[in-house]
Amino acid sequence: MQIEKYKIDELNHQASSKHERAFEYVAADVKDLESVLAKLEAFNVAIPSWALGTGGTRFGRFSGGGEPRSLEEKIEDVGAIQALNKSSNSISLHIPWDIPSNADAIKAAAAHHGLRFDAVNSNTFQDQKDQQHSFKYGSLHHVDKAVRKQAVEHNIEVIKYGVELGSNALSVWLADGSNFPGQLNFRGAFQNTLESLQEIYEALPDDWKVWVEYKPYEPNFYSTTIGDWGQSLLLANKLGPKASTLVDLGHHLPNTNIEQIVSLLLMEGKLAGFHFNDSKYGDDDLTVGSINPYQLFLIFNELVEGMDARGMTHATDIGWMIDASHNLKDPIEDLLQSVEAIKIAYAQALLVDTAALKAAQAANDAVQAQEILQAAYRTDVRSLVAEARLRAGGAINPLAAYRSLDVRGNLIKERGAKTVATGL
Ligand code: PSV
Ligand code: MN
Ligand code: MN
């Protein structure tokens with residue numbers, strides 16, 4: 001399945017006069033319009049291979065039709081997303097959910113769709129068939145050296161797959177923790193984790209990074225060994241310059257000020273990047289921007305300001321990735337919505353009058369500071385994002401194009417109505 005460019009062009013032609021009206025209206029007031037559009041055009045967010053099938057909950061799974069049955073078909077789906085939005089030029093694999101056994105063929109399939117491979121993710125939170133030791137009581141933090149060694153070796157194997165695919169980062173998320181007070185010696189668990197990560201760090205190629213993800217709870221409900229950004233940063237600092245902290249938006253207790261965490265990690269040069277999603281209660285993995293788009297904007301405001309202050313390139317200097325998946329929507333539609341929400345928040349942040357905000361802060365003028373932020377947030381930037389996408393060769397409205405081209409219908413015809421995505 002491949003979406004032909006001429007079909008997108010036809011739909012763009014039909015949508016163009018409405019788009020131009022909206023674009024001219026908002027563009028008239030944008031300072032540095034061309035620079036804003038160029039930044040939006042250059043911006044890409046990686047798609048996780050595990051989000052291309054309908055997710056389940058522990059109560060059931062209602063898979064939609066036409067789900068990808070192999071890694072090759074997942075690559076095709078990301079190719080479709082990229083053809084429509086021109087902002088999803090990479091895919092992030094979770095190993096062993098997706099094993100690239102023939103790396104050359106997989107790389108070629110990705111290149112055919114203009115895709116490359118983003119961070120590779122290890123998985124020591126499940127036992128695999130034929131695995132010698134169980135990860136029931138953890139992996140890198142385990143009390144038994146033999147289990148830790150098995151987990152370290154898995155991570156090194158994931159790096160090898162990543163090298164073959166041309167990736168350059170390993171993402172580590174550990175389910176390691178405890179369910180009951182007294183079950184675990186916290187310092188022992190942390191120390192074991194550090195030593196295991198040091199062994200993985202040693203195996204990183206020169207140009208590689210390791211991203212340490214944190215999460216406060218789930219699957220463990222009393223303690224998690226890398227439970228918050230402080231614990232992750234402590235590890236990243238002890239490991240060295242190739243290690244940094246990955247922020248998954250869903251991995252915070254309710255009402256945590258994530259934008260402040262982002263700002264400080266950036267200041268320390270230790271912000272690896274993001275797993276974007278949204279949530280109401282916990283690690284809900286809902287569509288980005290579906291619950292709290294203002295928070296997303298505030299995060300991007302810190303990113304734009306902090307990255308500019310450090311002379312960083314927005315599009316490439318940190319890792320941008322989606323980690324959202326649930327049991328309801330068509331996964332491709334969900335991902336199109338998530339990427340759009342991210343780009344809207346980014347575009348709004350690019351409109352913040354930074355000089356005026358600095359002046360308001362220096363004058364302790366909280367009223368004016370709020371006015372400045374909300375003037376940007378309340379600007380309807382959708383046509384700016386659409387214009388950048390149009391210039392990049394994508395669809396003015398990716399979701400509408402996806403529906404009117406009946407991509408899902410075609411996938412169902414091709415793959416069947418009862419397919420269940422591989423992995424997970
Ligand atoms: C854990 O909740 C997490 O956010 C980690 O990033 C995993 O790798 C991912 O979800 C996939 O389940
Ligand atoms: Mn995550
Ligand atoms: Mn998560």
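Student: At what angle do the axes of helix H11 and helix H12 cross?
Tutor: The axes of helix H11 (residues 354–362) and helix H12 (residues 366–377) cross at roughly 160° and come within 8 Å. Axes here are lines fitted to C-alpha atoms, for helices over the stretch in contact, and angles run from 0 to 180 degrees between N-to-C directions. Helices (H or I, at least four residues) and strands (E, at least two) are DSSP runs, numbered from the N terminus. This is a predicted model, in which local features need pLDDT of at least 70 and side-chain atom pairs count only at pLDDT 80 or more, while totals for chains, interfaces and linings use all residues. Residues are numbered from 1 along each chain as its sequence is written, and chains are lettered from A and ligands numbered from 1 in the order in which they are written.

Student: So are H11 and H12 roughly parallel or roughly antiparallel?
Tutor: H11 and H12 are roughly antiparallel to each other, since angles over 145 degrees count that way, while those under 35 are roughly parallel, 65 to 115 roughly perpendicular and the rest oblique. Their crossing is left-handed, a term used if the near helix is turned anticlockwise from the far one by less than a right angle, with right-handed meaning clockwise.

Student: Which residues make the contact of H11 and H12?
Tutor: Ala356, Leu357, Ala360 and Gln361 of H11 meet Gln368, Ala369 and Ile372 of H12, where contact means that the C-beta atoms, placed from the backbone, lie within 7 Å. By class this contact has five nonpolar, two polar and no charged residues; Ala, Val, Leu, Ile, Met, Phe, Trp, Tyr, Cys and Pro count as nonpolar, Asp, Glu, Lys and Arg as charged, and the others, Gly among them, as polar.

Student: And how do H2 and H13 pack, at what angle?
Tutor: Helix H2 (residues 33–42) packs on helix H13 (residues 382–392) at about 65°, with the axes 9 Å apart, which means that H2 is roughly perpendicular to H13. The residues in contact are Val36, Leu37, Leu40 and Glu41 of H2 and Leu384, Val385, Glu387, Ala388, Arg391 and Ala392 of H13, and they divide into seven nonpolar, no polar and three charged.

Student: What about Asp32, is its phi positive or negative?
Tutor: Asp32 has a positive phi of about 50° although it is not a glycine, and the residue sits in the loop between helix H1 (5–27) and H2.

Student: Switching topic, which peptide bonds are cis?
Tutor: The bond from Ile95 to Pro96 is cis, with omega near 20°, and so is the bond joining Glu218 and Pro219, with omega about 10°. Pro96 belongs to the loop between strand S2 (90–95) and helix H4 (103–112), whereas Pro219 is in the loop between strand S6 (209–213) and strand S7 (223–224). As background, most peptide bonds are trans, and most residues other than glycine have a negative phi.

Student: Which residues are around ligand 1?
Tutor: Around ligand 1 are Trp50, Asn121, Trp173, Glu213, Lys215, Asp248, His275, Asp283 and Asp323, a residue being near a molecule or strand if its C-beta atom, placed from the backbone, lies within 6 Å of it. This shell has two nonpolar, two polar and five charged residues.

Student: And what does UniProt list for residues 100–285?
Tutor: An unreviewed UniProt entry lists residues 100–285 as "domain: Xylose isomerase-like TIM barrel"; UniProt positions are in the numbering used here, feature names are shortened, and annotations may be inferred rather than shown by experiment. Over that stretch the chain is 37% helix and 17% strand, with the end C-alpha atoms 25 Å apart.

Conventions: Contact = placed C-beta atoms within 7 Å.
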